[in-house]
Amino acid sequence: MNRRVVVTGGSCISALGQDWQEILANLKSKKCCTVRMEEYEKYAQMNTKLAAPVNFATPDYPRQKTRGMGRVALMATYSADCALKSAGLADKEDILRSGRIGVSYGSSMGNVDALLGFFSMLTSDKCDGITATTYIRSMPQTCAVNIGVFFGLTGRIITTNTACTSGSMSIGYAYEAIKYGHQDIMVAGGADELSVTHSAVFDVLFATSTKNDAPNSTPRAFDKARDGLVVGEGAGTLILEEYEHAVARGAKIYAELVGFGTNTDGVHITQPHKETMQIALELAIKDANISPSEIDYVNAHGTATDRGDVAESHATFNALNRKVPISTLKNYIGHTLGACGAIEAWISIMMMREGWFAPNINLENVEPECAPLDYIQGEGREIKAKYIMSNNFAFGGINTSLVFKNV
């Protein structure tokens, strides 16, 4: 059984905004959301002082529904709420409780502040910092299970904690759950909250930007002068639905998800491997049953790291066999880790519907070692795209690729 899967709703919480018109305006004004973080100054041994925080206010939800949520789960749940509303499903109790709608959601980890309670127990020999919700807030699956409980979803639950592919992997697995008849609707996406510890993960690998005195000039993926990534935060959610089910209830269809490819490098935990990255893209194209020449735009992972940009660009060029138009959103909002695959997929879908694709801000001189792709610059690009691709890659050599069709 191979069923068609469409996107009937979506949302994101990002440093560019939450409403699409606000996000579009900020993209067109080339807004770089990187700022210098005063609270990072006390960590003298950490090289980067930069991040891309989100202005997120805690939603006015009942306390009994949110007491087990840290910031990451709150952002995920609010994004899911907005997405369900855009799909016309938020008040459809019969559908939500049917067992035919599930959740597929991921993050790099849970709430960091909650983890401090356990850490303090080990250092102080006291349990004062541990409450009944400490683990619930800190557990890796906190986003998926909190969304499920909040909305009363009784279908399949999938939780991905695959670092920077958590969001895209969740979307891919949700797509397969519907495609092969296991579910009719899936709430799919990813989230991550900003923490100095996330920046430290990359800082010790010398993979963070240190342009601390010029925050708006970084990150600069694919640029010769790039010097690393900037950590961001946020959440992104897609509502995936079986095509006939969506049509029967008169749902608005934003796009069709036609291809998903994923694999692992099996070579190195942190160093990208362009050959297997290329295969992941080819798997998505094969799943979509289209030719590489039909991909009109690629949303790149684009971390602005030394080896990452080079490997990704060659994997893309070799998989598509031409200078395809390509840009990355991380130059605007930073690397949102477990959220990036979902945020970038949703914004890419909306750009496809708009017929305009954002440029690579901060890209002035393309790195000579990068493959000869069509790196969008200037004021962006008007493209009547039929198929677009969104790619993400993570530590552990985890590669994902999604192909969306305009409808």
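Buried, for this talk, means under 20% relative accessible area, with exposed over 50% and partly exposed in between, using a 1.4 Å probe and protein chains only. Okay, quick housekeeping. This is a predicted model, so local features need pLDDT of at least 70 and side-chain atom pairs count only at pLDDT 80 or more, while totals for chains, interfaces and linings use all residues. Residues are numbered from 1 along each chain as its sequence is written, and side-chain values use heavy atoms, with hydrogens and water left out.

Let's start with helix α7, residues 142-151. Helices here are DSSP runs of H or I, at least four residues, and strands are runs of E, at least two, numbered from the N terminus. Which residues of α7 are buried? They are T142, C143, A144, N146, I147, G148, F150 and F151. That's eight of the ten, so α7 is largely enclosed by the rest of the structure. Just after the helix, G152 takes a positive phi of about 65°.

Now, what does α7 sit on? There's an open sheet of eleven strands, with mixed pairing, in the order β5-β4-β6-β7-β1-β8-β15-β14-β9-β10-β12. Pairing takes at least two DSSP bridges between two strands. At the edges you have β5 (157-160) and β12 (374-375), each pairing on one side only. Helix α7 packs on this sheet, touching β4 (101-106), β5 and β6 (185-192), and its direction makes about 155° with that of β4. Contact, by the way, is heavy atoms within 4.5 Å; axes are lines fitted to C-alpha atoms, for helices over the stretch in contact, and angles run from 0 to 180 degrees between N-to-C directions.

Moving along the sheet, β1 (residues 5-13) and β8 (residues 255-264) pair in the antiparallel sense over three bridges, and V7 stands opposite A255 in β8. Helix α11, residues 274-288, lies across β8, β14 (387-394) and β15 (398-405), at about 145° to β8.

Then there's β9, residues 295-299, with four of its five residues buried. It runs parallel to β14, joined by four bridges, and parallel to β10 (residues 325-327), joined by two. Have a look at N299: its bridge partner in β14 is S390, and it stands opposite S327 in β10.

On to the cores. A nonpolar core is a set of buried Ala, Val, Leu, Ile, Met, Phe, Trp, Tyr and Cys residues joined through side-chain atoms within 4.5 Å. The largest has 96 residues, and L27, L240 and F404 have the most contacts inside it. Helix α14, residues 340-354, gives the largest share, ten residues. A second, separate core of 29 residues includes A284, A371, Y387 and M389. As for L240, if you don't count residues up to four places away in sequence, what it touches includes V5, V6, V7, I171 and L257.

Last stop: how do α1 and α14 meet? The axes of α1 (residues 20-28) and α14 come within 11 Å and cross at roughly 80°. That makes α1 roughly perpendicular to α14 (65 to 115 degrees counts as that; under 35 is roughly parallel, over 145 roughly antiparallel, and the rest oblique). The contact is made by W20, I23, L24 and L27 on the α1 side, and I347, M350, M351 and E354 on the α14 side.

That's the tour; happy to take questions.
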